[in-house]
Amino acid sequence: MRRRGFLMRSVGGLAGSTFLPAMQAQRAGAPRRIIIDTDPGTDDALAIFLALKSPELKVEALTPVAGNVPLDLTLPNALRLLEIAGRTDIPVAAGADKPLLRRLVTASYAHGENGLGGVVFPDPKIKPVSESAPELIRRVVRSAPSTINLIALGPLTNLALAFRADPELPKLIPNLTLMGGSLSGGNVSPSAEFNIYVDPEAASIVFRSGVPITMVGLDVTRKAMVGEKEIQALEAGTNPISRAAGQIVRAGMTRMRKSNSAALGPAMHDSLAVATFIDPTIVTLQDYYVEVETAGEFTAGETVGYRRAPIRKSPPMENAPAAAPGDVFRPNAKVATDVNVDRFLRMLIGRLTS
Amino acid sequence: MKRILTSTAALLGLLLAAYSLQAQPKRYVVIDQDAAGPAGTDMMSILLLLQSPDVEPLGITVVTGDAWRDEEVSHTLRLLELIGRTDIPVVPGAVFPLVRTQQSTELWQQMFGKIVYMGAWSKRPTSHGPYEVPPLREGNPTIKAATEDAAHFLVRTVRAHPHEVTVYEGGPMTNLALALSLDPQFAELSKGLVFMGGSLNPQTDNPEFATNPRHEFNLWFDPEASHITLRAHWPSVVCTTVDVSVKTQLSEQMMKEIARAQTPVAQYLARYARPGRSYLWDELAAAAWMNPSLITSDRKVYMDVSLDHGAGYGDTLIWSDRVKPALDLQLVSAQMDVNMPKFAEDFIRLMTGPTPKAHNPLMLTQPPPPEPKPNQNP
């Protein structure tokens with residue numbers, strides 16, 4: 001135990017240094033290995049397709065979690081998406097069916113009752129593996145320390161469970177790219193983005209875990225909308241992925257137009273996270289120290305990003321001791337603050353239709 | 001005459017024990033502990049369970065609480081080496097509570113007052129970082145812990161024997177909460193939960209409880225994990241409260257009787273236990289699970305933990321049927337009083353008996369060397 005702990009710490013000690021990018025570069029050309037934690041979810045579907053269609057990536061597993069819709073839908077949806085893509089070799093491990101402490105809030109208003117915009121695909125024939133999502137994440141990460149990356153597209157419950165069950169795990173993961181959070185206002189509440197809002201405690205655990213995070217939040221994803229042109233391109237595609245993606249996005253467009261005829265089109269939140277992982281130059285990344293609000297009555301799930309020291313919290317109540325603001329700036333995330341939408345859409349539509 | 005009677009009684013007792021061994025299948029238990037050591041409540045409760053011929057311990061999972069996890073794992077491995085039970089897996093679990101942090105707790109104390117006992121977070125000369133293992137007084141182990149994590153081990157172990165495994169908890173509930181979140185059926189598939197934790201209205205002037213009767217370390221250390229665990233649908237929950245714990249004591253007399261036995265367990269206790277200094281917190285939870293007649297009074301209450309981050313964060317909450325809110329709360333059998341002489345009897349009998357399945361114990365069975373006199377060089 002001691003010996004193992006020591007070895008892990010040695011690796012962990014390097015995680016924050018320049019060693020890891022160098023290690024990745026050393027295997028330049030070889031696809032980067034990823035696990036996708038996801039709650040499909042209409043935009044999750046396109047993001048998963050994008051990852052499967054990207055030669056730079058090797059998808060090791062999908063780990064569905066309750067989020068956009070309950071787990072008993074996100075799990076079969078993940079299996080369905082792999083069948084559509086003809087990638088039934090990729091294992092799917094069921095994750096948490098509820099947030100750590102809170103009641104599950106879903107977003108079926110945006111993703112349809114079935115989570116895929118109401119588009120009906122056949123029931124999946126393949127089955128999930130018997131391992132749980134946190135167990136699979138732990139096993140795969142430990143089987144190849146410092147090589148397995150995570151892309152998280154839903155609430156962070158599975159990752160929080162894995163990180164608390166195995167505290168050394170965050171040090172063994174070179175990068176976690178997550179769709180979630182916002183430094184410029186939320187979508188489900190004025191301050192919170194949905195994925196963080198659903199399980200703020202899990203998000204807090206992940207942001208404090210020390211894993212190197214790339215945060216792709218609403219600041220950029222709300223700009224990453226597909227319009228009529230892109231949807232038609234997908235619908236005209238000749239491969240099953242493109243056509244399934246076209247159906248799902250078309251359903252999203254129809255749903256949006258019903259409530260707002262001037263709507264431009266659905267935002268491809270999750271796909272932008274995958275695209276950022278593939279090519280970070282699509283976005284502008286800035287170092288932030290991000291904390292997740294877990295105590296707020298109106299603001300739970302808000303991601304609070306500090307650009308520099310001092311790290312000031314709410315002022316203490318009268319009669320309470322004065323806490324000095326933190327004067328050291330220790331960034332824990334690279335936050336996407338701007339995006340080249342054209343390049344993103346070219347990548348997304350180009351790859352899905354190819 | 002008296003001698004014959006005694007030996008006949010002993011023989012009868014042996015026969016009865018052998019009979020009950022055959023008649024009753026062993027009771028499975030998985031032990032989750034914040035296993036500080038040597039001796040002390042955590043190690044001694046593990047020992048009671050390991051010493052019983054009626055109990056099959058399936059593993060010991062370890063969680064930060066009284067001390068940091070890695071040091072606790074070492075104490076546990078060393079204990080197993082000393083008594084010859086290295087076949088029992090020791091599985092490292094959570095190092096930190098789910099949500100509570102040491103830093104936020106320090107701020108909390110500035111607002112709401114001093115926490116008397118902080119476990120791994122105590123500021124002592126011997127305090128150290130989460131992953132450091134200092135030299136242990138009883139010697140450091142040579143055997144290794146399991147490579148699985150505690151939460152998954154718990155899930156796997158309970159699933160291997162559906163409805164047969166009792167989950168014994170002697171520390172903060174982080175590992176249990178993780179297991180419950182990993183496997184929504186974990187609680188239902190167990191035989192039940194037995195834990196030391198919670199405080200109702202203890203009659204004591206101990207400064208830890210005198211002004212703060214609803215504060216208890218195990219539930220307090222990881223309130224969110226306690227909440228997840230107490231809300232789960234266990235077939236039954238038995239709780240050893242502070243109320244009953246403060247009525248127990250490891251007396252000098254008990255230790256004297258134990259120290260006479262030339263067994264590895266008795267000699268381990270003779271060296272490291274500190275009679276007259278501590279309540280038998282976790283030991284009673286273990287002993288009363290094996291012999292429920294030790295408990296002379298209990299209360300059936302709904303139990304939860306306050307997650308309000310204000311003054312009551314981590315305090316024990318209880319309700320009766322009359323006042324409970326319309327929430328999915330679980331009924332707990334909270335122990336309130338104990339037959340201490342009977343408990344002492346069980347304690348001495350188990351701690352002086354042979355260790356079932358022991359193999360090559362390392363503990364010397366001679367009495368410890370006499371304390372060096374002050375004028376002698378050590």
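Author: One term before we start: axes are lines fitted to C-alpha atoms, for helices over the stretch in contact, and angles run from 0 to 180 degrees between N-to-C directions. With that in hand, take α6(A), which lies across β1, β2 and β3 of chain A. α6(A) runs at about 155° to β2(A). Keep in mind that this is a predicted model.

Reader: Okay. How many helices and strands are there in chain A?
Author: Chain A has 14 helices and eight strands. Its radius of gyration is 20 Å, close to the 20 Å that the globule rule gives for 354 residues, so chain A is as compact as a globular protein of that length. The C-alpha trace spans about 60 × 50 × 35 Å along its principal axes.

Reader: And how many of the 354 residues of chain A count as buried?
Author: 54% of them. On contacts in chain A, take those with a separation of 6 or more: 79% come from residues 24 or more positions apart.

Reader: Back to the strands. What order do they have in the sheet of chain A?
Author: The order is β2-β1-β3-β4-β5-β8-β6-β7. It is an open sheet of eight strands, with mixed pairing. β2 (57–64) and β7 (303–306) of chain A are the edge strands, and each pairs on one side only. From one strand to the next, the twist averages 30°.

Reader: Pick a pair. Do β6 and β8 of chain A run parallel or antiparallel?
Author: Antiparallel. Six bridges join β6 (residues 283–292) to β8 (residues 333–339) of chain A. Within that pair, Leu285(A) stands opposite Ala336(A) in β8(A).

Reader: Which helix lies across β5, β6 and β8 of chain A?
Author: Helix α9 (residues 200–207) of chain A does. It runs at about 115° to β6(A).

Reader: Now chain B. How many strands does its open sheet have?
Author: Nine, again with mixed pairing. The order in chain B is β3-β2-β1-β4-β5-β6-β9-β7-β8. The edges are β3 (90–92) and β8 (316–319) of chain B, each pairing on one side only. Neighbouring strands are turned by 30° against each other on average, direction ignored.

Reader: How many bridges join β4 to β5 of chain B?
Author: Four. β4 (residues 165–169) and β5 (residues 192–196) of chain B run parallel. Glu169(B) stands opposite Phe195(B) in β5(B).

Reader: What does α5(B) lie across?
Author: β1 (27–33), β2 (55–62), β3 and β4 of chain B. α5(B) runs at about 155° to β2(B).

Reader: Which residues of helix α12 of chain B are buried?
Author: Pro264(B), Val265(B), Ala266(B), Gln267(B), Tyr268(B) and Leu269(B). The helix covers residues 264–272. Among the elements that cover those buried residues are α2 (40–51), α3, α11 (252–259) and α14 (340–352) of chain B.

Reader: Switching topic. How many residues of chain B are in contact with chain A?
Author: 26 residues of chain B, in contact with 22 residues of chain A. On the chain B side, the elements giving two or more residues are α3 (69–83), α4 (102–112), α5 (150–160), α6 (174–182) and α9 (223–231). That side of chain B divides into 16 nonpolar, five polar and five charged residues.

Reader: What about phi at Ser146(A): positive or negative?
Author: Positive, about 65°, although Ser146(A) is not a glycine. Ser146(A) is in the loop between α6 (133–143) and β3 (148–152) of chain A.

Reader: Why does Ser146(A) count as partly exposed?
Author: Because Ser146(A) has 18 C-beta neighbours inside 10 Å, and a residue is buried at 20 or more and exposed at 12 or fewer.

Reader: And Asn360(B)? Where is it?
Author: Asn360(B) is in the segment after α14 of chain B. It has a positive phi of about 50°. With 7 C-beta neighbours inside 10 Å, Asn360(B) counts as exposed.

How values were computed:
Residues numbered from 1 in each chain as written. Chains lettered and ligands numbered in written order. Predicted model: local features only at pLDDT ≥ 70, side-chain atom pairs only at ≥ 80, totals over all residues. Contact = placed C-beta atoms within 7 Å. Nonpolar A, V, L, I, M, F, W, Y, C, P; charged D, E, K, R; others polar. Rg over C-alpha atoms; globule rule 2.2 N^0.38 Å. Pairing = 2+ DSSP bridges.
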